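Please look at the model below with its aromatic side chains and its open pockets in mind.

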Amino acid sequence: MNTWSPALDVHDDKDAFTVTLEAPGLKKEDFEISYHDGALSIAGERREEKESGDKTYFRRERFFGRFARTVALPAEVKADAISAS
C-alpha cells in the first residue's frame, strides 16, 4: 500500500489563514477537514484509476491511497468560520 503526503502551503491573508493543499484530480467531497486544539487536519483518498489491458510499468510517480496532513496554525482561529473550496 502506497502512502503519500501531498504538499501544502499556509499563509496569512491579513485577517485569515489560507491553507493550500496540492492534490490534483480530487474533488471537494474527497476530503475530510477538521480543526481541533489549534491544528487543522486534512485527510482524503486518491483512488487508482482502473485501466483495461495488461500494462507493465517501468516507472510510476503518481501516488494513490489515503493521506492525512495535520498542520498547527500560528494563531487561534474561529472553528465555526472555517471554510473549504
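The paragraphs that follow treat the aromatic rings and then the pockets.

This is a predicted model, in which local features need pLDDT of at least 70 and side-chain atom pairs count only at pLDDT 80 or more, while totals for chains, interfaces and linings use all residues. Residues are numbered from 1 along each chain as its sequence is written, and side-chain values use heavy atoms, with hydrogens and water left out.

A search of the whole structure finds two aromatic pairs, where rings of Phe, Tyr and Trp (its six-membered ring) pair if their centres lie within 6.5 Å. In one of them, the ring centres of Phe-31 and Phe-67 are 6.1 Å apart and the planes stand at 70°, so the pair is edge-to-face (planes over 60 degrees apart; under 30 is stacked and the rest tilted). This pair links distant parts of the chain, since Phe-31 belongs to strand β3 (residues 31-36) and Phe-67 to strand β5 (residues 65-72), 36 residues apart; strands are DSSP runs of E with at least two residues, numbered from the N terminus. Ring pairs also link Trp-4 with Phe-31 and Phe-67 into a cluster.

The largest pocket has a volume of about 730 Å³, and among its 23 lining residues the closest to its centre are Phe-17, Val-19, Ile-82, Ser-83 and Ala-84. A pocket is an open set of points on a 1 Å grid over the protein atoms alone, where a 1.4 Å probe fits, with protein on both sides within 12 Å along at least five of seven lines, and lining residues have an atom within 4 Å of a point; the volume is the space filled by probe spheres set on the points. Strand β2 (17-21) gives the most to this lining of the largest pocket, with five residues.

Note on methods: Helix = DSSP H or I, 4+ residues; strand = E, 2+ residues; numbered from the N terminus.
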